[in-house]
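Take a moment with the sequence and the fold below. Then read on for a short walk through some of its parts.

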Amino acid sequence: MYIYPMLRDEHSKYFGNYIDRNYRLIRLTFLQAFKKAGADITTEQWVIIQALAQNNGLSQAELATQSFKDAPTVSRIINLLVEKGITTRKRSGDDRRRYQILLTDKGQAIYEQVLPSVLALREQGWQGLSEDDYESFLRIMNQIFANFKQLNEGE
């Protein structure tokens, strides 16, 4: 007798493998598209560039929240983007301890250069799927996240 009936289905045992498989292929596909577009960026850097293109001047903490990454990771990404001349840091006028992260002209140009490829890849990724599928996907991914977050908070 199974305590967890879902585990009888071989595919449900390894959902992490499916998530990882998809992540790896999606990441590789996006990296290839960035290279083809002439942009020397990673998928992690793109997430920050896109957030700034939509709302320039966010803080590092705000970028971490929007990108679902921890602060040290975002800090490393920002440092690399600053070195590449894609972003810059500016002290916040209201809080001298806080910095605004801003896209440079080069960063804005990269965003505009890469965005058509990103949109095309997103469309390709959802080909054959409905809006309901997308909503179900988000619900499922958020539930899995909440389940594991609860486990980690209990420790």
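Which residue just after α5 takes a positive phi? It is G85, with a phi of about 80 degrees. Before going further, note that this is a predicted model, where local features need pLDDT of at least 70, side-chain atom pairs count only at pLDDT 80 or more, and totals for chains, interfaces and linings use all residues. Residues are numbered from 1 along each chain as its sequence is written, and side-chain values use heavy atoms, with hydrogens and water left out.

Start with helix α5. Helices (H or I, at least four residues) and strands (E, at least two) are DSSP runs, numbered from the N terminus. Helix α5 covers residues 71-83, 13 residues in all. From its first C-alpha to its last, α5 reaches 18 Å. That is close to the 18 Å expected at 1.5 Å a residue; the expected span is 1.5 Å times one less than the number of residues.

Now look at which side of α5 is covered. V74, I77, I78 and L81 are buried. Buried means under 20% relative accessible area, exposed means over 50%, and partly exposed lies in between (1.4 Å probe, protein chains only). Seen down the axis of α5, the buried residues fall within an arc of 100 degrees, so they line one face of the helix. The arc is that of the directions from the helix axis to the C-beta atoms. On the other side of α5, R76 and E83 are exposed. What do the buried residues of α5 pack against? Their partners are the helices α3 (43-54) and α4 (60-67), along with the strands β1 (87-91) and β2 (99-103). Contact here means heavy atoms within 4.5 Å.

Next come the charged pairs. Side chains of opposite charge can pair when their charged atoms come close. A salt bridge is a side-chain nitrogen of Lys or Arg within 4 Å of a carboxyl oxygen of Asp or Glu. By this rule there are five salt bridges. One of them joins K84 and D40, with the closest N and O atoms 3.9 Å apart. K84 lies in the loop between α5 and β1, and D40 in the loop between α2 and α3, so the pair ties together parts that are 44 residues apart in sequence. K84 is partly exposed, at 23% relative accessible area. D40 is exposed, at 61%.

Why are R24 and D20 separated by about one helical turn? Because they are four residues apart in α2. R24 is exposed at 54% relative accessibility, while D20 is partly exposed at 34%.

Helix α7 holds a pair too. K149 and E153 both lie in α7, four residues apart, about one turn of the helix. Their salt bridge has its closest N and O atoms 3.9 Å apart. K149 is partly exposed at 44%, and E153 is exposed at 57%.

Finish on the surface. F15, I19, Y134, F137, M141, F148 and L151 form a nonpolar patch there, with about 610 Å² of accessible area together. Two elements give two or more residues to the patch: α2 (15-36) and α7 (131-153). The largest share, five residues, comes from α7. F148 belongs to helix α7 and is partly exposed at 42% relative accessibility. Patches are made of residues with over 30% relative accessible area and no salt bridge; like charges are joined within 9 Å, nonpolar side chains (Val, Leu, Ile, Met, Phe, Trp, Tyr) within 5 Å. Accessible areas come from the Shrake-Rupley method with a 1.4 Å probe, and for residues only the protein chains shown count as cover.
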